[in-house]
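Subject: Structure handover and notes

Dear colleague,

I am passing the structure on to you here, together with an account of what turned up when I went through it. Please read the notes below with the coordinates open beside them.

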Amino acid sequence: MRVAHRRTTTVRCLTALTALTVGLLALTGCGGPDDGPDDGQAAATAAATASVTSEAPAPSPDGTAPSTSPSATAASATAVRWAGTKQFVQIDDARTGDGRTYLSVRPAEKKPHPQFEAWVIVPGEGPYTEVSMTEDAQVLLSVPLGDAKHPAAYTQDEFVSRLTARPSSDRALLGYDLSFDGQGRVTRVQSLYTP
């Protein structure tokens, strides 16, 4: 009798322990619909969804909230992908708003000019992506945007004015080395000398 009683007690204890273990695993491994992400998930989500700027999008002119378009999502993904890197790009347009400078960029290639100490720009293909510049981003311009062959410092406003004053057909022939910070914002712009 005692042996049977011990077996029954042991089986009950093991069953209770197994149920408790499975319950704990279920609680720690699965979240309900109201549960937020844990710290690891939050960090991964923040990195994956980091936007080009840290500010909320401005409302539309009619006062409605902006919608997240696929192109905005692609721009955000590009900015995250470029975070902490240097890229060679074309800049199609530049603007200022909300106290920041924004550039419409796409990757391109550069090759040494066969006859001069200059560069030949090989235009990229595909859409342009808008990225923002940091407030203290350095701008170095050479001819034809700058006044000399060697790069010189300009303000962001001067850069925007000089770029937007040129016809878009000329802008396609210009190339820039950009440096990005860890959030995908431009910290340095340098135009390449092209004769």
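To begin with a detail of side-chain geometry, Q190 and R188 are joined through their side chains by a polar contact of 3.0 Å. Please keep in mind from here on that the model is a predicted one. Q190 sits in strand β8, which covers residues 186–191, and its relative accessibility of 19% places this residue among the buried ones, because the cut-off for that class is under 20%. Once the neighbours within four places in sequence are set aside, Q190 is in contact with L140, P151, G175, Y176 and D177.

As for the overall architecture, the protein chain has five helices and eight strands, and these follow one another from the N terminus in the order α-α-α-β-β-β-β-β-β-α-α-β-β. Of the 195 residues in the protein chain, 30% are buried, while the accessible surface comes to about 12,400 Å², with 57% of that area belonging to carbon and sulfur atoms. Among the contacts between residues at least 6 apart in sequence, 56% join residues that are at least 24 apart.

The mean pLDDT of the protein chain is 73, and 59% of the residues score at least 70. Confidence is lowest in helix α2 (residues 39–49), where the mean is 36, and highest in β6, where it is 98. Residues 2–7 have a pLDDT below 50, and that stretch makes zero contacts in the model beyond near neighbours in sequence. Residues 13–69 likewise stay under 50, although for them the model has 28 contacts beyond four places in sequence.

In soluble globular proteins, nonpolar side chains tend to be buried together. For F159, the residues touched, not counting those up to four places away in sequence, are I91, L103, V139, L141, L145, Y176 and V189.

The charged pairs were examined next, and the count comes to six salt bridges, of which I describe some here. In one of them the side chains of R171 and D93 meet at 3.8 Å, N to O, and this pair links distant parts of the chain, since R171 belongs to helix α5 (residues 168–171) and D93 to strand β1 (residues 86–97), 78 residues apart. What is the relative accessible area of R171, and is this residue buried or exposed? The value is 12%, so R171 counts as buried, whereas D93, at 33% relative accessibility, counts as partly exposed. Beyond residues up to four places away in sequence, R171 touches I91, D92, D93, L163, T164 and R166.

A further salt bridge is formed by D147 with R162, whose closest N and O atoms are 3.1 Å apart. D147 lies in the loop between β5 (129–141) and β6 (152–154) and R162 in helix α4 (residues 156–164), so this pair ties together parts that are 15 residues apart in sequence. D147 is exposed, with a relative accessible area of 60%, while R162, at 26%, counts as partly exposed. In the salt bridge between R185 and D181, the closest N and O atoms are 2.9 Å apart, and both R185 and D181 are buried.

Finally, a word on A148, which is also placed in the loop between β5 and β6 and is partly exposed, with a relative accessible area of 36%. Leaving aside neighbours within four places in sequence, A148 is in contact with S142 and V143. The C-alpha atoms of A148 and Y193 are 8.8 Å apart in space, the two residues being 45 apart in sequence.

With best wishes

Notes
Residues are numbered from 1 along each chain as its sequence is written. This is a predicted model: local features need pLDDT of at least 70, side-chain atom pairs count only at pLDDT 80 or more; totals for chains, interfaces and linings use all residues. Side-chain values use heavy atoms; hydrogens and water are left out. A salt bridge is a side-chain nitrogen of Lys or Arg within 4 Å of a carboxyl oxygen of Asp or Glu. Helices (H or I, at least four residues) and strands (E, at least two) are DSSP runs, numbered from the N terminus. Buried means under 20% relative accessible area, exposed over 50%, partly exposed in between (1.4 Å probe, protein chains only). Contact means heavy atoms within 4.5 Å. pLDDT is the predictor's confidence in each residue, from 0 to 100. Accessible areas come from the Shrake-Rupley method with a 1.4 Å probe; for residues, only the protein chains shown count as cover. A polar contact is a pair of N or O atoms within 3.5 Å; within protein, one must be able to donate a hydrogen and the other to accept it, and residues adjacent in sequence count only if both atoms are side-chain atoms.
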